[in-house]
Amino acid sequence: MVDIEMTLYHVLTNNLEMSKLYKCPSNMTMNLIPRPIIGSYFMISGIALIIIYLPCFVVMIKSKCRAPSYQLMMLLAIFDLTSLMVNSVTTGILGIMGASFCHYPLFVFTAGSIGLGSWMGGCVVCILLAVDRCVEINSNFPLAIIFHKQVFRLVMLVICIYWVYASFFTNPLLFTAQYSSWFFDPFIGKEGDLYHNIPHTINNLLVSASSTPLYIYLCYHLIFKFGYSTSMWLYRSKQQIIIQAVILCFFHATAACIYVYMQFFPTPSWLIIIGQLAWQYSNGCVCLAYWTLNRTIRNAAIRMMLSKRIRKRFKLHMGIDEQIAAERDGEVASVSNVMNLMSGTAKVAPFLCESSL
């Protein structure tokens, strides 16, 4: 049962006053524990991942495609960017300073609440994207009804409500400089059992229990049901989907399991760092997949960031029209005609759809 006094909602509605359970004792020694190397890594890598992610996010927003998969991708980007601000940038800054919860209690409390909500909301979106991929390869998949127009609107509303609940109505994660990681226990001398977040534990266990079989199902159908006697284009798409599925599932399952384990049991420092890295890359691996595996988003992002003159100078022809024009010495070809020729192309998973933007 959630104690409302231990939530961000209580803080915001009580003149920013936290519960007595989060009051740092006046006689408590609050030594700074700087960890400049690991802190610098998290800060720099977090900023880099955000910079890499933002062009992809803008491309998705500007896209006219509003299929369920793209709506989920845009929502996931919001959760990912918010999480990276907490699990990477904030972690890095606090780590460099060596500051823990009691040094900046209100800031850490708020950041931990938002970071937790973004993690839990992102978990739901990732599971739904896994379901969507399964529906793409098998239209008779049992959960296909989720993506029907009217039902999907309700699903999106439920996700937003779940994010609000996780952020404002459950107790937050709090940063501890000693381990460069986040715990529910503020380590102020009280029993750690008082701070357990049961909704977070249930969320993480469900992530591990549901995402793994979904991605196994996806990979199985791509490998054994579709076979290898397909076109080279479809074979490469299948290969990319499998790689992305394995990476995304690995980081989410690893972060979910370690973060549950270290809240209940004594955990070695090296495993805590692995858990923190897994949380970081459960958000960061998505944008890396866009840039390395999703040619449509990658090309659209480059076209958005670089002018046509620069692309022409460095021979970066990022669109079908520009490629054909370059091959014909400036003769402009109509994209619509090319797309008509491609109208019979097989569907692929939403993260790798080459004709969705």
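At what angle do α3 and helix α5 (residues 149-168) pack, and how far apart are their axes?

A: First, the ground rules. This is a predicted model, so local features need pLDDT of at least 70 and side-chain atom pairs count only at pLDDT 80 or more, while totals for chains, interfaces and linings use all residues. Residues are numbered from 1 along each chain as its sequence is written, and side-chain values use heavy atoms, with hydrogens and water left out.

Now your pair: α3 and α5 pack at about 10°, with their axes 11 Å apart. Axes here are lines fitted to C-alpha atoms, for helices over the stretch in contact, and angles run from 0 to 180 degrees between N-to-C directions. Helices are DSSP runs (H or I, at least four residues; strands are E, at least two), numbered from the N terminus. That makes α3 and α5 roughly parallel to each other (angles under 35 degrees count as roughly parallel, over 145 as roughly antiparallel, 65 to 115 as roughly perpendicular and the rest as oblique).

On the α3 side, Pro68, Gln71, Leu72, Leu75 and Phe79 meet Phe152, Met156, Ile159 and Trp163 of α5; contact means heavy atoms within 4.5 Å. By class, that contact of α3 with α5 has 8 nonpolar residues, 1 polar and no charged. Ala, Val, Leu, Ile, Met, Phe, Trp, Tyr, Cys and Pro count as nonpolar, Asp, Glu, Lys and Arg as charged, and the others, Gly among them, as polar.

Helix α3 (residues 68-97) also packs on helix α8 (residues 269-293), at an angle of about 135° and with axes 9 Å apart. So α3 and α8 are oblique to each other. Among the residues meeting there are Met73, Asp80 and Asn87 in α3, and Trp279, Asn283 and Tyr290 in α8. The contact of α3 with α8 splits into 7 nonpolar, 9 polar and 1 charged residues.

As for annotation, UniProt (an unreviewed entry) puts a "transmembrane region" at several stretches, including residues 73-100 and 270-293; its positions follow the numbering used here, feature names are shortened, and annotations may be inferred rather than shown by experiment. Residues 73-100 are 89% helix and 0% strand, with end C-alpha atoms 33 Å apart.

And confidence? The protein's mean pLDDT is 82, and 82% of its residues reach 70 or more; pLDDT is the predictor's confidence in each residue, from 0 to 100. Watch residues 330-357, though, where pLDDT stays under 50.
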